[in-house]
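Student: Could you take me through one part of this model up close? I'd like to follow it step by step.

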Amino acid sequence: MAEKLLEVKNLRTEFKRDKTWVTAVNNVSFSINRGEILGLVGESGCGKSVTSLSVMRLLARNSKISNGEVILNGTDLLKEDKKGMRNIRGREVAMIFQEPMNSLNPCMKIEKQLTEAILLHNDFSKEQAHQRAFDVLKSVGIPEPEMTLKSYPHQLSGGMCQRVMIAMAMSCEPELLIADEPTTALDVTIQAQILELMEEIREKKNTGILMITHDLGVVAEMCSRVVVMYAGRIVEEAPVKELFAAPKHPYTQGLIASVPKLGSGVESLPSIPGSVPDLSVMPKGCKFAPRCKYATDICREKEPELEVVNGIHKCRCHHFKELGKEA
Amino acid sequence: MGKYFCKRVVSAIPLLLVISFVVFMFIHMIPGDPARMIAGQDATKEDVEVVREQLGLNDPLLVQYGNYMKGLFTGDLGDSVKNGKTVVETIAPRMKPTIMLTISAMIWATIIGIALGIISAVFHGRSLDYIGMIIAISGISVPSFWLGLELIQGFSVALNWLPTGGLDSWQSYILPSLTMGAGIMAVLGRFTRSTMLETMREDYVRTARAKGLKETLVVMRHAFKNSLIEIITVAGLQIGGLLSGSVMAETVFSIPGLGRLLVDSINFRDYKVVQALLLFFAAEYIVINLIVDVLYGVINPKIRYN
Amino acid sequence: MAQTNTNLDQNKFAAAEELPKAQSKVKEFTKKFMKRKTAVVSLIFILFIILMAIIAPFVVPYAPDQPDYTALLQGPSAAHIWGTDEFGQDVFSRLMVGSRLSLSCALIATVIGTAGGVVLGLIAGFYGGFVDSLIMRCCDVLFAFPDILLAIAVVAIIGPGMVNVMIAVAVFTVPSFARIIRSATISVKQSLYVEVARSLGCKNSRILFVHVFPGTIQSMIVNFTMRIGTAILAASSLSFLGFGANVTEPDWGAMLSLGRNYLNTAPHMVLFPGILIFLTVLAFNLLGDGLRDTLDPKMN
């Protein structure tokens with residue numbers, strides 16, 4: 001029985017650039033169940049990171065969440081005050097970031113950074129916190145936890161740092177883990193290990209994971225459902241198998257087509273022409289129309305709605321019925 | 001780490017040697033005849049000869065240098081022509097006032113300067129930031145001797161709260177150290193603000209917030225602690241220059257310290273004293289820079305653990 | 001993997017369009033600069049002071065050395081807006097005429113110091129090796145003395161006077177410029193070197209001045225502006241200590257030094273010269289800050 005952990009409704013985030021407000025996340029809605037991994041896919045600049053920062057309410061001072069609800073375990077995070085959010089961060093929802101080496105304080109020992117997180121949300125003594133830090137490092141597969149605790153980040157490898165980050169995030173047993181491009185900065189073999197670790201966490205602790213990535217391979221391997229974003233909007237949402245077998249939106253189709261396949265014998269890699277429009281000069285109508293080879297007049301005039309296709313599959317396109325592949 | 005320390009110390013030694021040589025050449029760089037200048041325009045030839053002999057100017061250059069270096073190590077720096085005492089006796093009693101003044105200026109300037117920088121960085125772009133930066137840029141633009149005079153005018157003459165000069169009581173330290181510290185406070189304020197702005201943009205600060213840490217702690221425990229390395233380096237460099245910066249404050253407040261001694265000695269052509277003071281100030285600056293360098297290596301874990 | 005590949009093509013075309021148009025760069029710079037109000041106000045103030053330095057003797061209400069024994073040590077009044085000194089001379093007029101002395105001293109000193117530092121830095125950075133080490137060691141020696149101390153030491157050797165103050169200030173300006181220009185030269189040299197190797201027959205000195213030097217201008221401009229402020233402070237400090245201008249001259253520092261004797265009875269004699277020095281240096285520093293922010297690509 002799927003239990004809803006996170007529900008994001010009509011989220012709208014803007015930030016100020018040169019004295020005007022620009023919308024980075026426009027009317028985004030999705031949900032994550034306990035023990036489920038939701039993939040959030042898109043190019044750089046599509047708004048996926050801003051979405052995750054909005055959920056954590058870690059946005060910069062020149063940004064604001066102008067609309068929406070972010071309901072975690074029944075509580076609307078957007079209505080919480082500063083103290084309330086601080087309680088929730090780290091304890092109910094935790095986040096790991098893209099560059100693990102930079103995300104750890106270079107002048108602080110690992111132990112201090114871990115126990116800081118632990119003591120924030122638990123009434124432990126120093127010894128208990130140390131023990132928890134040790135245990136959690138062990139649980140993420142670090143071979144010599146005691147030595148790692150006494151180290152500084154620059155003495156660890158990228159993969160180890162990301163394990164430490166995951167340990168730190170999981171140290172207070174959050175129910176939701178947000179992972180923003182966790183493996184992008186790592187070697188391929190290490191990538192696999194980290195992903196395996198995250199799957200293990202999901203299974204053992206029934207943690208819900210929001211997996212943000214631009215790597216479709218990661219999506220295929222880890223996620224049960226996928227949300228595709230473009231220019232701050234959701235353009236497609238589907239269970240993972242269905243998305244890869246029958247993508248309905250031209251953008252998704254383009255993304256999947258541009259993944260190189262072994263043995264395909266194709267000379268040149270198909271790519272989507274053009275680039276993501278600047279946030280302040282969004283075209284009228286469908287935001288993908290300028291790059292879409294199927295665009296017609298109605299696409300350029302009117303922005304399509306996010307329509308439900310068959311109960312579980314959503315698509316934002318005027319022509320998806322004709323264009324969308326059938327499973 | 002030991003290698004780093006040794007490298008730094010070793011590189012300072014040749015510099016000190018060169019400096020001692022440059023200061024030694026000081027007397028010889030003076031256009032005209034230093035002996036005559038000391039003896040006075042209407043001194044007889046014999047008097048000038050006596051002075052020349054006193055200064056040791058008749059010996060070949062190398063011998064002079066040898067004597068000079070020997071003197072440095074044995075503590076014999078020659079005699080002051082003004083009062084007949086040895087240079088060491090002339091300088092020694094003036095050291096305490098200058099050092100006390102320098103320390104008191106250093107303390108308040110560092111604390112206020114860093115605080116100013118942190119506040120400006122945290123409230124970046126808002127009124128507190130602008131106010132802080134206006135204070136800082138005024139601090140580096142104001143002539144310190146004028147500041148001292150106006151402080152005297154305000155607090156001593158008009159309000160009669162504080163003494164106008166001398167070093168009789170602890171109150172005497174207040175105005176001069178304010179005068180001396182203004183520039184340093186300003187420089188530190190500006191620098192702290194710019195390092196803090198950079199550090200607060202780093203990823204690990206974001207991680208600290210994501211853990212649920214209170215903003216004050218995020219700023220102080222993560223951003224500030226990491227900026228501290230750079231701040232201490234700059235502070236150290238400024239402090240090195242403080243000692244000689246005491247010249248202006250001591251002149252304005254009539255404090256019998258090393259700075260004023262330097263000015264007086266120059267006016268009296270007491271070259272031996274001037275030489276000794278220049279050497280002292282330069283050596284102290286180099287040594288402080290060295291200490292700061294080593295401290296940097298100790299605090300920065302990337303250097304310490306490699 | 002999901003990145004579009006044609007981004008590269010687009011960027012190639014965009015770069016071609018941006019090929020240097022010097023005029024539009026200047027225009028862009030001016031536009032950005034105008035946005036910073038404090039910098040603009042500072043520039044106006046500086047231009048005003050420079051104007052004063054040029055035309056002051058012709059426009060001031062009183063001659064700078066015109067004593068008035070009936071109006072000694074008077075505070076600000078309608079007749080003398082900034083009061084009179086111990087000879088009854090008008091403080092305002094003296095200060096305005098004195099701006100010539102103080103400003104020219106600082107400007108000339110900074111220009112000389114900059115020129116010296118630039119030449120040394122270019123040579124050190126471009127030729128490297130022994131020449132580089134030699135020049136940098138000399139700079140280290142100069143750096144071993146804090147600013148004011150170096151100036152005092154120079155004046156102690158060559159004697160007092162405005163010209164000598166100029167030399168002293170120039171001397172302590174040299175090493176900082178040498179260092180900046182040297183590192184800028186090294187980075188420019190590394191990028192141009194391949195080109196230079198190809199374009200044979202181009203004399204080294206020509207490369208140095210025609211190609212390398214312009215690349216270093218940006219780092220120079222900001223430093224130059226702020227150094228003028230430092231020079232004014234240093235020169236007036238030296239004058240105050242008695243090493244600079246004669247106390248009868250209307251140099252700002254000298255006037256302050258004289259005014260000190262009358263601090264109790266005629267505080268205006270200290271206040272106005274000091275405010276003038278303060279505001280001028282502040283203007284140069286604000287201008288320097290504004291220039292730095294305008295030129296910094298990260299801020300725009």
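Student: How many helices and how many strands are there in chain C, and what does the side of chain B that touches chain C look like?

Tutor: Before we dig in, this is a predicted model, where local features need pLDDT of at least 70 and side-chain atom pairs count only at pLDDT 80 or more, while totals for chains, interfaces and linings use all residues. Residues are numbered from 1 along each chain as its sequence is written, and chains are lettered from A and ligands numbered from 1 in the order in which they are written.

Chain C has 10 helices and 0 strands; helices (H or I, at least four residues) and strands (E, at least two) are DSSP runs, numbered from the N terminus.

Now for where chain B meets chain C. The contact takes 37 residues from chain B and 32 residues from chain C, with two residues in contact if their C-beta atoms, placed from the backbone, lie within 7 Å. On the chain B side, the helices that each supply at least two residues include H10 (215-252), H11 (258-267) and H12 (271-299). That side divides into 28 nonpolar, 8 polar and 1 charged (Ala, Val, Leu, Ile, Met, Phe, Trp, Tyr, Cys and Pro count as nonpolar, Asp, Glu, Lys and Arg as charged, and the others, Gly among them, as polar).

Let's zoom in on two of those helices. In H11(B), Leu258(B), Leu261(B), Leu262(B), Ser265(B) and Ile266(B) meet Val273(B), Val274(B) and Leu277(B) in H12(B). The residues of this contact divide into 7 nonpolar, 1 polar and no charged.
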